Each structure stands twice: as structure tokens, then as C-alpha cells.
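Student: Could you walk me through reading helix faces and salt bridges in a model?

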Amino acid sequence: TGPILQPVLNTSTSVVLDLLKGRNQLIPKSTFQFVDVRDVANAHVNAISSKVAAGKRYLAVAGCVPMVDVVDLLSRLAPESKCPTMMEDGEQKQCIQVDSEPILDDLKLNSYRSLDLTIADTLAELRRSPFYGFEDI
């Protein structure tokens, strides 16, 4: 998530758009692992020049939250949206924990952007994008 850098929507931005447009009638009990695309880009740039990163693979994950947290944030940032308000039945799925310290240390990243900033910037990008008319929500 974060700025839209390609001519088609990626999976995570599509999830956000679907929530905004009310395509989900219920809030999923799933979780949302996120990382801002700008943090991923910085990691790629730093990896190119890092001897420590040579031959290694990294997972860039800023965090994991229940989907209800994403819906709450979207509802606050875009009160005109059609985000679902009722939860699915069943138990809340648990986040899969990912150790992000190696990528932060090896690739000299200070930290990841927060969920709030990433979602706010994603929303701003969607509002400017050709993918839909936000006024249609």
C-alpha cells in the first residue's frame, strides 16, 4: 500500500478500494499485513549496494493488524465511504508474526511507515487515481 506506482491496482490497494466502496458487506475476520511501497523501494535501493544483503532474501513487513482496524481507519479518514460496519461471524484470525529486524538492520532502514500514514497516503492516491471516481462512493 502507499502511492500507486503502476497502471493497475495491486492486491493490497484493491482490498482498500473494495472496503471503501462497500464491496464487502461484512468486515472480514482476517488480518492485514502491510508495508508501504516506498519502504520496499528503499529496501531495494539499499540492497543493491549492501555487501551484507548479497545472496539473502528479506521479508518487508511493517506490521499486521486485524482487518477491523483498517476499516476503522478508513471510516475515519473517509467518512463518506461505504465501509462495512458489521463483522463476519467466527473467530478473529491471528496475525502471523514476521521478524523485520534483519531487513531494518542489514539494509540500514530506520523504520517502516505507520499503518495510519500508509493508509492515508493510499487513500489520497486513490482519490486522485483513474481507477474510480471517489465521488461515486
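Tutor: Let's take a helix and then some charged pairs. This is a predicted model: local features need pLDDT of at least 70, side-chain atom pairs count only at pLDDT 80 or more, and totals for chains, interfaces and linings use all residues. Residues are numbered from 1 along each chain as its sequence is written, and side-chain values use heavy atoms, leaving out hydrogens and water.

Student: Which residues of helix α1 are buried?

Tutor: In general, an α-helix has 3.6 residues a turn, so residues three or four places apart point the same way. Here, α1 (residues 11-20) buries Thr13, Val16, Leu17, Leu19 and Leu20; buried means under 20% relative accessible area, exposed over 50%, partly exposed in between (1.4 Å probe, protein chains only). Helices are DSSP runs (H or I, at least four residues) numbered from the N terminus.

Student: Why are they on the same side of α1?

Tutor: They cover an arc of only 160 degrees around the axis, taking directions from the helix axis to the C-beta atoms. Their cover includes α3 (67-77) and α5 (115-128).

Student: How many salt bridges does the structure hold?

Tutor: A salt bridge is a side-chain nitrogen of Lys or Arg within 4 Å of a carboxyl oxygen of Asp or Glu. There are seven. One of them joins arginine 38 and aspartate 121 (2.6 Å, N to O). Arginine 38 sits in α2 (residues 37-48) and aspartate 121 in α5, so this pair ties together parts 83 residues apart in sequence.

Student: Is aspartate 39 buried or exposed?

Tutor: Buried, at 5% relative accessibility. Aspartate 39 forms a salt bridge with arginine 113 (2.5 Å, N to O).

Conventions. Helices (H or I, at least four residues) and strands (E, at least two) are DSSP runs, numbered from the N terminus. Contact means heavy atoms within 4.5 Å.
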